[in-house]
Amino acid sequence: MLTRWNATMKKILRMIAAILLVGSIGFWVATGANRSWTKTGVPEKFTDTTTGLEGIQWHEKFVPGVDFLGAALVAAGILAGISFLFPAKSK
Amino acid sequence: MKTKLILLSIMAVTGAALAAPQTFDFKDPKGINNAGFKLDAPLEAINGSASGISGTVTFDPANPGATKGKIVVATGSLMLPNPMQKTHMLSDKWLDAAKFPEIIFESKEFKNVQTAGDTTTADVTGTFTLKGVSKEITAPVKLTYLKDKLGQRVPNQNGDLLVIRANFTIQRGDFKINPGQFEDKVSNTIEITLSIAGASPK
């Protein structure tokens with residue numbers, strides 16, 4: 001009974017880890033594969049026709065960066081590591 | 001004779017009024033005025049901007065070298081794309097925005113003044129105050145006087161515009177912003193770009 005529960009837990013944890021890993025990489029790639037820090041605001045430049053000055057308008061936008069990817073990889077690794085604490089076979 | 005004297009007086013008064021220095025207000029309702037800043041860092045340069053700009057500049061189109069003024073940037077208006085970096089920057093560890101809510105530049109003297117048409121270039125010397133520390137700095141500046149152009153920016157408002165552009169660098173260590181620390185992560189040099197326009201309504 002315990003062995004079956006352990007096997008189920010191991011499977012679930014590894015599945016979550018895999019989904020987290022693939023999902024976060026997919027999300028990171030889909031949002032432009034930003035190789036710098038995560039951004040929550042993006043500056044947009046525009047030119048004032050009267051003065052010729054370049055203004056900056058900030059827009060709220062979540063752009064995941066390498067820190068987001070790193071955190072997702074670490075979380076996936078921890079979940080996968082925890083799965084080893086559930087032995088599938090009884091000794 | 002009397003008529004001549006009256007005419008001369010009118011001309012003198014008008015001339016004096018035209019040559020009088022104008023005061024330009026740099027509080028910008030359109031939100032275009034900005035001060036950009038850049039610091040080198042290992043992964044990517046830290047690029048941000050500030051929009052909370054105010055202050056006044058007295059400018060005489062007939063004598064641009066006599067320009068005087070004070071530009072204030074609200075420390076709390078400094079923006080960075082990364083929220084954690086922004087929080088750190090405004091915290092007491094870096095700029096301490098709560099205790100030092102203003103970054104100020106007050107001009108003292110214009111040198112090497114060169115005017116061509118509506119544009120004046122010069123080296124402005126003044127006092128730059130950041131995090132409560134005041135230092136004298138000199139920066140190249142470009143002033144563009146746009147006569148009667150305020151109406152194009154603010155409808156139904158007559159007046160002139162004064163555009164100021166300046167690029168200069170400061171050392172954060174000089175202003176007690178973690179002097180000698182974290183220089184492998186954030187450069188000591190801060191590049192500052194000022195792009196602002198002031199209005200002088202008539």
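Biologist: What makes 16 residues of chain A count as in contact with chain B?

Modeller: In this predicted model, 16 residues of chain A are paired with 18 residues of chain B, and such a pair counts because the C-beta atoms, placed from the backbone, lie within 7 Å. On the chain A side, β1 (39-47) and β2 (54-63) each supply at least two residues, and the largest share, five residues, comes from β1(A).

Biologist: Turning to chain B, what makes 30% of its residues buried?

Modeller: A residue is called buried if 20 or more other C-beta atoms lie within 10 Å of its own, and of the 202 residues in chain B, 30% are buried.

Biologist: Which residues touch the most other members of the largest nonpolar core, and why is it called a core?

Modeller: They are B:A35, B:L162, B:I164, B:I196 and B:A197, in a set of 41 residues; the set is called a core because its members are buried residues of the listed nonpolar types, joined through C-beta atoms within 7 Å. Strand β11 (residues 189-201) of chain B gives the largest share of this core, six residues.

Biologist: Which residues does B:I164 touch, leaving out those up to four places away in sequence?

Modeller: B:I164 touches B:V141, B:L143, B:L194 and B:I196.

Technical notes. Residues numbered from 1 in each chain as written. Chains lettered and ligands numbered in written order. Predicted model: local features only at pLDDT ≥ 70, side-chain atom pairs only at ≥ 80, totals over all residues. Contact = placed C-beta atoms within 7 Å. Helix = DSSP H or I, 4+ residues; strand = E, 2+ residues; numbered from the N terminus. Buried ≥ 20, exposed ≤ 12 C-beta atoms within 10 Å, placed from the backbone.
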